[in-house]
Amino acid sequence: MWGYLSLLPAFLAFWATAGIWTVFSLAVANKAVNLTEGFPYISRCGNSPPQSCIFSQVLNLGAALAAWTCILRYHQLRDWGVGKWPNQLILWTGLLCALGTSIVGNFQENNQRATHLTGAFLAFFVGIFYFWLQLLVFWRVKSLPQPGAPWIGPLRLVLCSLCTILMVAMVVLYTWSLRSASAACEWVVAMLLFILFGLFAVDFSSLDGCTLCLQPGPGSLSPRRPPPSP
């Protein structure tokens, strides 16, 4: 039986997909983008209000959900026996991906192009690196549990490979001034990343819940005990 934590990555994938396509629809309806001139990049659809406000909110909440998903995944891999340093590397790449997503939403390309592109690099390139690290850990540590159907692992490999190929194609097509084709690659890459995050619902299906535990550091004051009752 699937636990409620499986809803977190599933909702993340649904929220992000529905959100950016809503922004695209508003941009087309408001004539902020002209499809007769070419297919727009995701960021161009969210450049001007009112869709820029929705764009920021969608990506901010998506970044928060992604960060929480990465933290849960970190603790799950730790409980499965993954080493501290590889697990922390995986965690920090995931958090950087979430940070980049928030930067993309809050710093529009028209206003802060350099900052926006930095966020896009973190969201896309560091994001796919996060999922490659996940695959590498499962390939090296054969004893790790494999929740879900046997085809989940190969599916992740196919999705990561497609993402990598399309990101390279996106950059190459941009340098060749084929902006519509490059933008189409960007949209597909975004959808694939959302699917990869959504697939964590399978891994979280074995979790019944999570708890917060505070551990006092060395030399910290012990909690004051209440006086004994007379």
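Helices here are DSSP runs of H or I with at least four residues, numbered from the N terminus. The model is a predicted one, so local features need pLDDT of at least 70 and side-chain atom pairs count only at pLDDT 80 or more, while totals for chains, interfaces and linings use all residues. Residues are numbered from 1 along each chain as its sequence is written, and side-chain values use heavy atoms, with hydrogens and water left out.

Start with the open space. A pocket, on a 1 Å grid over the protein atoms alone, is an open set of points with protein on both sides within 12 Å along at least five of seven lines, and its lining residues have an atom within 4 Å of a point. The largest pocket comes to about 570 Å³, a volume being the space filled by probe spheres set on grid points joined across faces, edges and corners. Its lining has 25 residues, and Tyr41, Glu109, Leu117, Tyr174 and Glu186 are the closest to the centre. H2, H5, H6 (152–175) and H7 each give two or more residues to this lining, with H5 giving the most, seven. By class, the pocket lining has 11 nonpolar, eight polar and six charged residues (nonpolar: Ala, Val, Leu, Ile, Met, Phe, Trp, Tyr, Cys and Pro; charged: Asp, Glu, Lys and Arg; polar: the others, Gly among them).

One cavity of 30 Å³ or more turns up, a cavity being a set of grid points where a 1.4 Å probe fits but cannot get out. The volume of the largest cavity is about 320 Å³. Among its 23 lining residues, Leu59, Thr101, Ala123, Phe124 and Phe194 sit closest to the centre. H3 (51–79) supplies the largest share of that lining, six residues, and the cavity lining splits into 19 nonpolar, three polar and one charged.

H5 (113–140) also supplies at least two residues of the cavity lining. This helix has 28 residues and spans 39 Å from first C-alpha to last, close to the expected 40 Å (1.5 Å times one less than the number of residues). H5 has a kink of about 25° centred on Val126, the bend being the angle between axes fitted to the seven residues ending at a residue and the seven starting there.

As for the cysteines, there are zero disulfides, counted as pairs of cysteine sulfur atoms within 2.5 Å. For Cys97, the nearest cysteine sulfur is that of Cys70, 6.8 Å away. Cys97 is buried at 5% relative accessible area (buried means under 20%, with a 1.4 Å probe and protein chains only). Cys185 has its nearest cysteine sulfur, that of Cys163, 11 Å away, and Cys185 is buried too, at 11% relative accessibility.

Terms used. Buried means under 20% relative accessible area, exposed over 50%, partly exposed in between (1.4 Å probe, protein chains only).
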